[in-house]
Amino acid sequence: MAVKSDTFPKLLLENARRFGDRPAIREKEFGIWQTWNWRQVADEVRALACGFAARGFKRGDRVAIVGDNRPRLYWTMAAAQSIGGVPVPTYQDAVAEEIQYVLEHAEVKFVVAEDQEQVDKILDVQERCPSLREIFFDDTRGMRKYDQSRLIDFEVLQREGREFDQKNPDYFVQQVEQGKGEDVAILLYTSGTTGRPKGVVLTHDNVLITARNGIEFDHLTQDEEVLAYLPMAWVGDHIFSYAQSYVSGFCVSCPENASTVMHDLREIGPTYFFAPPPIFESLLTNVMIRMEDAARISQIIFTYFMRVARSVGPKILAKEAVSIKDKWLYKLGHLLVYGPLKNTLGMSRIQLAYTAGEAIGPDIFDFYRSLGINIKQLYGQTEASVNVTLQPDGEVYPDTVGKPAPQVEIKIADDGEVLYRSPGVFQCYFKNEAETREIKTEEGWVHTGDAGFIDDRGHLKIIDRAKDVGKLNDGSIFAPKYVENKLKFFPHIKEVVAFGDGRDYCAVMVNIDMEAVANWAERNNISYASYQELAARPEVYQLIEDGVSKVNEELAADPNLAASQIRRFLVLHKELDADDGELTRTRKVRRRFIADKYRTLVDALYSDKKSCFIETEVAFEDGRTGSISADLQIRDLNVYTDLKKAS
Amino acid sequence: MEGDRKFGDPILEVQDINLSFGGVTALEGVSFDILNGEVRAIIGPNGAGKSSMLNVINGFYHPQQGQITYKGKTRRQMRPHHAASSGIARTFQNIALFKGMSTLDNIMTGRNTKMRKNLLWQALYLGPAKREELEHRDFVEHVIDFLEIQAIRKTPVGKLPYGMQKRVELGRALAAEPELLLLDEPMAGMNLEEKEDMCRFVLDVNDQFGTTIALIEHDMGVVMDISDRVVVLDYGKKIADGTPEEVRADQRVIEAYLGVTRDDN
C-alpha cells in the first residue's frame with residue numbers, strides 16, 4: 001500500500017478517487033436529504049479553496065467558521081487546509097464578545113458564517129478585529145439589505161474560485177501537495193470554564209493519527225452512518241464527523257436544524273453515535289414519562305421485559321454465556337419492547353455509541369446497554385485530539401473510562417493527577433507560551449488537571465479535579481466530587497457537599513430533590529407542609545441513609561477509596577441556591593463557601609452530637625432577606641471494613 | 001427601522017366604505033390606501049371596525065357603499081375567491097386551520113388557487129399531476145424553511161402550541177404567493193419571544209418577497225416598530241392616518257385609543 005495521505009486535503013483527493021460515487025456528506029434541506037459524493041465534495045472544496053486564493057488568502061492565514069453543522073462549513077475546513085490555511089471553528093451560540101475574542105486572538109482574515117444571525121454578531125464586533133478582511137455567508141436569507149462590500153455570498157466566492165481555477169489549473173493540486181503532516185491543521189478554542197478560552201493548535205498528524213487509531217480500535221468502516229449535530233468547534237465533532245469520515249470514508253449527515261435533530265436521528269439511524277451524558281439522560285426520561293401515560297398492559301409488558309433486559313442484556317452484549325431460557329426471553333423482548341423502543345430513539349442501527357465529558361449515571365448507562373446498544377465511555381481532551389482512554393469491547397464498566405487508547409501512555413503523578421503522552425498531543429496553546437509550558441512538559445506529557453488512578457483491571461478511573469482532591473488524616477486520598485457524584489445518581493438526592501480533606505473521615509450534607517421526594521412521600525402517605533419539614537422527616541432520613549449506605553458499600557469495594565466511606569451525614573433544611581452564593585450559576589457546589597457558611601454544621605458532623613441547631617439567612621426572589629432556623633439531626637453510619645464482603 | 005423606505009403606487013385603495021349590519025354601523029366613510037411594498041397597520045380600540053375592514057378588503061363582507069380599487073381595477077365589492085386568485089391572502093384572528101392535518105398539509109392547502117389540474121387528475125396522481133404536486137411541495141418546503149418550522153412538518157396542527165399554529169397559518173397564507181397579505185392580529189395571545197419571532201417573519205416576508213402587508217394589531221409596541229404607516233379607526237370612522245410618529249402624536253388617537261397622555265420616549 002502506498003504512503004498514507006498525511007493531510008486532510010490529500011485524503012480528500014484520495015477519497016474522491018477511491019470512493020468516487022459513494023456519499024460523503026448529507027444535509028436535509030427542504031425536507032429532502034441532499035447528498036454529495038466524495039467527488040462532488042472534492043470539487044466543491046476545490047472551488048472554495050481557489051475562491052479564497054483569488055481573494056488573497058495566503059498559506060498560514062486563518063479562516064473562522066461560525067455556524068451549525070453544515071456541509072459548506074465542513075468544506076471550508078478542507079478548503080482552508082488545502083491551501084495551507086488554518087480553520088478556526090467557533091461555537092455557534094457564543095455571544096458576539098466571545099466570538100470577537102477568538103477572531104482577534106487568532107488573527108482571523110476571513111470568516112465563513114452560516115446565516116444572518118451569525119453575520120450580525122460579527123458585524124457588531126468587526127471594528128475590534130483588525131485582521132478581519134472579508135465575511136462570507138452561506139444562507140442568503142435576510143442578507144439583501146446589507147452593505148455587500150465586505151460581505152460575500154458563498155456561491156459568489158465559489159464562482160470566483162472556479163474562474164481562478166480555470167486560469168490556474170495547477171494551483172490547487174500544487175498547494176495540496178505542499179501540505180505536510182506536521183503542518184497546523186486546526187485551531188480549536190476550548191470553551192474554558194475559567195478565564196479566557198485557549199487556542200489549541202493541532203497538526204494534521206495529531207488529528208489523523210488519533211482518528212486512525214480510533215477507527216482501528218473500534219473496527220469502523222466506510223459504511224458507518226454518523227449524524228453531525230454537536231458544535232463544530234468542539235474537538236469531538238472534529239474527530240467523529242470530520243477526521244474519521246475522511247479517514248474511513250463514511251458518510252456524515254447534517255440535521256435540518258437544531259430542533260429537528262431527534263427526527264433526523266430517526267431517519268438516518270446512525271451506526272456510530274456520540275452524545276454527552278445529559279442527552280442520553282433526557283432521552284431516557286422521555287421514554288419513562290411516555291411509558292407512564294401508556295396503557296396498563298403496555299406498562300406491564302414494558303416493566304417485565306426491561307427487568308429481563310437488565311439482567312440479560314449486558315451479558316449478551318459482552319458475548320457472555322446466558323441460559324437458553326433467558327436468550328429466548330430476550331429475543332421475545334426484542335420483538336415486543338426493545339426493537340420498537342430503539343426505533344423510537346433512533347438507535348436501531350447503532351453499533352457503537354460513546355459518551356464522555358462527565359460521569360454518566362450507572363442506571364442510565366445500564367439502561368442502554370441492556371437494550372443491546374453498545375454504549376461506551378471515553379476520556380478525552382482537546383489537547384489530546386480527544387482520545388486518552390477508551391473502553392474496549394467486552395470490558396465496559398460504568399465506573400471507569402477505559403484503557404489507554406492505542407499509542408497513548410498514561411501515568412499518575414504523586415498527587416494523583418493523570419498525565420498522558422500520545423501522537424495526538426497538541427503543539428501548543430496559540431500565542432500562549434506560559435500556559436503551554438504549564439500544561440505540557442518537555443518530554444511531551446500533558447497534565448490533565450484531573451485526578452484518577454488505574455484500577456486492578458487496568459482501567460483508568462477519574463475521581464475529581466486534581467486541585468479539589470485532598471487527603472484524610474490517615475493519609476488516604478479523598479475526592480469529594482467522586483463521593484458527591486455517586487450520591488447524586490440517586491434520584492432522591494439533588495445536591496451533596498462532601499467534607500473530608502484534613503479530617504478523620506468523610507461526612508456529607510445532602511439536599512433532597514424536592515420533586516422526587518415529594519412524589520415518594522405522596523405515594524407513602526407521608527404528610528408535610530414545607531421543604532424544611534419534609535427534609536427533616538425520619539422516613540426521608542431513612543431513605544437517604546439507604547442511599548448513603550449503598551455508596552459506602554461501593555466505596556468499600558475499591559481499595560483506593562474505601563477510606564472515603566461516609567461516616568456521618570445530615571439532610572439540609574434548605575435548598576442550596578445560587579442566589580445565596582452556595583452554588584455557581586452553572587449549579588456546581590461551592591464547597592469552601594458552604595463550609596464557611598455552615599461552619600456549625602460541619603463542626604457538628606465532626607463531633608459526636610446527634611443534632612445541631614442552625615439559623616441561616618436566605619435571600620428571597622424579590623431580593624429581601626429573611627432567616628430560617630432548624631434543629632438538624634445527624635445520622636451515623638456503619639462503614640464496611642471487609643473489602644471482600646460481597647462473597 | 002432604517003429611514004427612507006420608498007414605496008410604489010397604491011396596490012389597494014378603499015374609498016368611502018360604509019358597512020352596516022342591520023342597524024349597526026360597522027364602518028362609516030372609511031378611505032385609505034395601501035402602497036406597494038409597505039407594512040400598513042390598522043389599529044383601533046375593540047369594536048372599532050378593524051376586522052370588518054379586513055373582511056371588506058378580501059370580500060368576506062360586502063359594503064353597502066364605497067369602492068375598492070385593487071391593482072388598478074375598481075369594484076363595488078370583492079369576492080373571496082377573486083381576492084384569493086388575484087393575490088390577496090390572509091390569516092385569521094381566531095386560527096382557522098385544519099386541526100387534524102399536519103403542518104405540511106395545511107400549508108399545502110394554501111397552494112389550492114395555484115393548482116391547475118382538476119380533481120380527477122389529482123386523484124389519479126399520474127404524470128402531469130404528479131409533477132405539479134412536486135412543484136407545489138417544493139414551494140411549500142421553502143415556506144417551511146423560511147418560517148423555521150421544519151421540526152413540526154409532520155405534526156398535526158391541533159397538537160401545536162398556539163404561537164406555532166399562528167406561524168403555520170402565516171405559512172398557509174404565504175403558500176398562496178400573495179401580493180397583499182392581510183394579517184388579523186398575528187401576535188394576539190403570544191408571549192414576548194413568540195411576538196419577536198413573528199415580527200421578524202413579518203418584516204422578512206416584506207423584505208424578501210416584497211409582499212405588501214396590512215395588519216391589525218393590538219400591541220402598540222409592535223405596531224410602532226414594524227409598520228410604515230398606520231391608519232386608526234374608532235367607532236367605524238377613520239380618525240388618523242400617517243407614520244407611526246404622526247399617529248402617536250395625534251391628539252384624537254391619544255384620546256380614543258391610548259386613553260391617557262403619556263410619554264413613551
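Student: Into which domains is chain A divided?

Tutor: In this predicted model, chain A has domain 1 (8-273), domain 2 (275-373) and domain 3 (469-636). The separation of two domains can be expressed through their centres: for domain 2 and domain 3 of chain A, the C-alpha centres lie 32 Å apart.

Student: Which domains does the assignment give for chain B?

Tutor: Chain B is assigned domain 1 (1-87 + 178-265) and domain 2 (99-177). Taken over C-alpha atoms, the centres of domain 1 and domain 2 of chain B are separated by 27 Å. Their contact draws eleven residues from domain 1 of chain B and ten residues from domain 2 of chain B.

Student: Which helix of chain B gives the most to the side of domain 1 that touches domain 2?

Tutor: Helix 7 of chain B does, with four residues. Helix 2 (80-85) and helix 7 (192-209) of chain B each supply at least two residues of that side. Sorted by class, the side of domain 1 of chain B that touches domain 2 of chain B holds eight nonpolar, two polar and one charged residues.

Student: At what angle do the axes of helix 4 and helix 5 of chain A cross?

Tutor: The axes of helix 4 (residues 96-105) and helix 5 (residues 116-125) of chain A come within 9 Å and cross at roughly 65°. Therefore helix 4 of chain A counts as roughly perpendicular to helix 5 of chain A. The crossing of these two helices is right-handed.

Student: Which residues make the contact between helix 4 and helix 5 of chain A?

Tutor: Helix 4 of chain A contributes A:Ala96, A:Ile99 and A:Gln100, while helix 5 of chain A contributes A:Lys121, A:Ile122, A:Asp124 and A:Val125. By class, the residues of this contact are four nonpolar, one polar and two charged.

Student: In what order do the four strands of the open sheet in chain A stand?

Tutor: Strands of a sheet pair through backbone hydrogen bonds, either parallel or antiparallel. The four strands of this open sheet in chain A follow the order 2-1-11-10, with mixed pairing. Strand 2 (32-37) and strand 10 (225-227) of chain A are the edge strands, each pairing on one side only. From one strand to the next, the twist averages 20°.

Student: How many bridges join strand 10 of chain A to strand 11 of chain A?

Tutor: Three bridges join strand 10 of chain A to strand 11 (residues 251-254) of chain A, and the two strands run parallel. A:Val226 has A:Val252 in strand 11 of chain A as its bridge partner.

Student: Which strands of this sheet does helix 10 of chain A touch?

Tutor: Helix 10 (residues 261-268) of chain A packs on the sheet and touches strand 1, strand 10 and strand 11 of chain A. The direction of helix 10 of chain A makes about 175° with that of strand 10 of chain A. Helix 2 (residues 38-54) of chain A lies across strand 1 (23-29) and strand 2 of chain A, at about 80° to strand 2 of chain A.

Student: In what sense do strand 9 and strand 10 of chain B pair?

Tutor: Strand 9 (residues 229-234) and strand 10 (residues 237-242) of chain B pair in the antiparallel sense over five bridges. B:Leu233 stands opposite B:Lys238 in strand 10 of chain B. The hairpin of these strands has two residues between them, and B:Tyr235 takes a positive phi near 45° there.

Conventions: Residues numbered from 1 in each chain as written. Chains lettered and ligands numbered in written order. Predicted model: local features only at pLDDT ≥ 70, side-chain atom pairs only at ≥ 80, totals over all residues. Domains from an automatic or database assignment. Contact = placed C-beta atoms within 7 Å. Nonpolar A, V, L, I, M, F, W, Y, C, P; charged D, E, K, R; others polar. Axes fitted to C-alpha atoms, helices over the stretch in contact; angles between N-to-C directions. Parallel < 35°, antiparallel > 145°, perpendicular 65-115°, else oblique. Left-handed = near helix turned anticlockwise from the far one by under 90°. Pairing = 2+ DSSP bridges.
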